[in-house]
Structure formats: C-alpha cells, structure tokens
Amino acid sequence: MDLSQFSQAQQEIIQDRSRFLQVIAAAGSGKTSTLVGVVQNELSQGTSGEEILVLSFTRKAAGEIRERIKTKTNIDSVRVHTFHAFCLRALITWHPDFKNRRPSILTSTEKNLFFREWFRKESDLIGGIPYELLIGGSALPSNFPQTWKSPLLEDYKNFKRKEGKLDLDDLVTMFLDSLETGGSWTEIPKRSLKRILVDEFQDTDPEQLRFLKLLSERSKILVVGDDSQSIYSFRGTDLSNFLDFPKMFQPCTRKFLNTNYRSLPKIVETSSIPISKNKNKIEKNVIAHRKGKALVSRIKIDKIQELFPSLGELYKRSGGELKILCRSNHRIREYLHAGVPPELLLTIHSAKGLEFHTVIVDLADGWNLRKDSPERIREEEHRVLYVALSRAKDCLIILGKKTGSGRETAEDLFFSYFKRELQLFKS
C-alpha cells in the first residue's frame, strides 16, 4: 500500500496495530480519508472485507465511506453501516427466526404519526407543551413532570404488537441481548468481525458502547472522533464515553489528527474560542495547514433585512458557496419569511460534517442556555457554536444584535466572546 498520500500523523494511525486505538480528529483534519486508509491497509494485510465493520453516524456518511473504499480498493464487501442498519443486517443474516422471514420495521413516518396522535389525545398529561419540544433537541425544565412517559411507552409497545412491527431500537436491543446471553447464532458475527472502526465516536450512545464491549474480546477496535463536536446529548449520547475510552478499553493507544486542512488560520483560531472555555475536554493544539488571510468579522443587526447589503457582497465573494447557520428551525423560518432563499440556510446540527467558503453564524434564538444552566449544558452549547464556526473555509461572519434587550442572553454572551478578536464587517 502506498502511504505517500497521507501525512505522517495519518500514516502512524494507518499502520498502528493496537488492539484498541482512539483517534482524536480535529475539524477538517482528514479523518474520513484516514479511516479509508486504515481499511486499505487492513485489506492489504490479508483481512477480508467481510471481516471489517465500519460504523458511521448517518446513512449519508456511511455511503460516502463505502464509496471511497470501493474507489480506492475495488472491493465492495467491507461492511459499512449505521449502527441500526448493521443490527438489522445481522438479524436477517444470522438470526434463525429472521433469516427466512425478514422482520417488519416501523417506518419513521408511522412512528412519528403515533407519537403526534398520542400527544394530541393526551394533551392534559403534558400541560400543553408542544410535541416538537418533547421529542426535539430542547431540554425541558428540570421540574417539568415526567408522568406521561410511562403510559406513552406502554401504549407504544401495544401499538407495535398490534401492528406486528418492530422499530429500530427493538432490533438493537434484540441483537445486544443475544450477544450478552451468548445466543448460539451470535457466534458468527463474533467470530467473523476482526476489525471494527467507529466514526464520530463522540456521538456514541450507551447501546453502541455496549456493542463494542461485547465484541472487544475478539475484535480490534479503532474509534475516531472529536470531543469538541459532541452535540447530540438530546439523543442519549454521552461525552464521557469518548473522554474515558482509554479507561474502558485497555490497553489503549491514543493518537491525534491536529492539522486542519479546511480553514484558514484566523478561522481555526476563532473557532477555538468557545472550546477554550470548557473544562471537560481533551487538550489539543489544532494547526491550520492552509496559508492566507481569512475574512473573519462581526455584523450587528436588529432586523434580518439589515443583513441584505452585506449578504450580497459576501455571496459574491464566496462564488455562491455561502451558508447561514442557525441554532433553531424557528430562526430559519424567520429568514425564509424575510425572503432569504432556503438554499442559503441550514441549522448548525444539519451542517455538521459539511464545509463552505463563507459561513454566517447567526447567534439569535434557540440556544439551550440559561443563567442557571449546569456546566454540561453550557459546555455542549459551546461545542455547538464550535461546530458552526469551524464549517468556514475562507470567510467567517458572526451575527449578533445591534441593540441589547436589557438582560444577558446566550446570544449576547456568545457574541461577547469575539468582541476583542474581530472588527465589524462593512460591505
């Protein structure tokens, strides 16, 4: 295998034969190409494609990795899946009850319809809280009653039984329980998986961690991720899984990808500001590979229309590669109402993993932060802000309010982080 296309840090990771290996990969550091390189090297060492499992967080990312492996190796037998998809594939491939009778899976549309109808009928139980808030990324107040959860889950279980269907969580539970109890059919995946690679490990939930522990006796495991980009606690992810990986999987080697190939130096420096305020993190020194002067600035507005003159100038500078990143869908709707084209808008969570010439980070609305918010909430919001800032390649604009509300909001706090760093942008 020719390693000359990789950096020294990437080569060390690709050639590492540790039983457990954790890779800390900063934003824009080439983690996907490194993962593909690890697979290439594993195949060149005689491991078959069926003996390698790559787990990715989204179907889109899994598809990209699968395609890149096929392009580099001309081999399409490597198992590249999301975690839920792999559990489904394992059941229908090896489970005696499902090999000839594929389980009927509840679609996300069917599931969402059930929950919407349930919350509508049981509106008294939830005190008028909107359905979207109960299932979305917003945290409910700590004193908000949870009495609705048990009857909801019981009714949902009965609904699935009546429909004769399973959901994706059922598949995961079934597979993991079989692994744990030593079901005879699970000997096949235990025996056949020699190398497991997990992308975006900072987004791992307890079930995925349990999966790795159950297969760690016979498989070599590599996890790659960035604690600074852990932004999915509302889905049950726990940053401590990433921070404490070397304690849970011993002996563990930890390596770093600290070179940012995406962003110009001033953007790398600015992006690090919110993360520098966090205590719970892995220390890293991210270095920009590209040379040149970035445009990094601030804009203050009270109404979205005030952004338009600057937006036109920035759009031209970007060659059309510009995105406005918002913390909430509500804020995106305000932009749409003001006449901003939808193709220019993304939520920060939707932008994760993407990059753009010019990024405008809108600090208005949707931040999950109050004066009494615990440290873990504040630190996650800092990570959300970092993800937004680090999408920019050449131009980064931070958007704040021109006039204050008289009380400090998350928007005011975050905007203040950059007051000494950046000048106001003038179109």
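**Notebook: buried and exposed residues**

I began with Asn74, which is exposed, at a relative accessible area of 62%. Asn74 sits in the loop between α3 (59-73) and β3 (79-82). I take helices (H or I, at least four residues) and strands (E, at least two) as DSSP runs, numbered from the N terminus. The phi of Asn74 is positive, near 60 degrees, and Asn74 is not a glycine.

The model is a predicted one, in which local features need pLDDT of at least 70 and side-chain atom pairs count only at pLDDT 80 or more, while totals for chains, interfaces and linings use all residues. Residues are numbered from 1 along each chain as its sequence is written, and side-chain values use heavy atoms, with hydrogens and water left out.

**Confidence**

I looked up pLDDT, the predictor's confidence in each residue, from 0 to 100. The protein averages 90, and 92% of the residues score at least 70. In residues 136-141 the pLDDT is below 50, and this stretch makes 9 contacts in the model beyond near neighbours in sequence. A contact means heavy atoms within 4.5 Å.

**Overall form**

I count 18 helices and 13 strands in the protein. The radius of gyration, taken over C-alpha atoms, is compared with a globule rule of 2.2 Å times the number of residues to the power 0.38. For 427 residues a compact globule would have a value near 22 Å, and the protein agrees with this at 23 Å. The C-alpha trace spans about 65 × 65 × 35 Å along its principal axes. Of the 427 residues, 50% count as buried. Among contacts with a separation of 6 or more, 77% join residues 24 or more positions apart.

I next checked Arg383, in helix α17 (residues 375-389). Arg383 is buried, because its relative accessible area is 5%. Setting aside residues up to four places away in sequence, Arg383 touches partners including Asp227, Gln229, Leu239, Ile275 and Asn278.

Leu91 belongs to helix α4 (residues 83-94). Its relative accessible area is 0%, so Leu91 is buried. Leu91 touches Phe98, Lys99, Leu171, Met174 and Trp185, residues up to four places away in sequence not being counted. I also took the C-alpha distance from Leu91 to Phe57, 34 residues apart along the chain, and it is 20 Å.

Lys323 is in strand β10 (residues 322-326). At 17% relative accessibility, Lys323 counts as buried. Outside four places in sequence, the contacts of Lys323 include Glu343, Leu345, Phe356, Thr358 and Ile360. Lys323 and Ala351 are 28 residues apart in sequence, with 9.1 Å between their C-alpha atoms.

**Backbone exceptions**

Most residues other than glycine have a negative phi, and most peptide bonds are trans. I noted Asp365, whose phi is positive at about 70 degrees although it is not a glycine. Asp365 lies in the loop between β12 (356-362) and α17. With a relative accessible area of 32%, Asp365 is partly exposed.

The bond between Gln250 and Pro251 is a cis peptide bond, with omega about -5 degrees. I placed Pro251 in the loop between α12 (245-248) and β6 (252-257).

Definitions and conventions. Buried means under 20% relative accessible area, exposed over 50%, partly exposed in between (1.4 Å probe, protein chains only).
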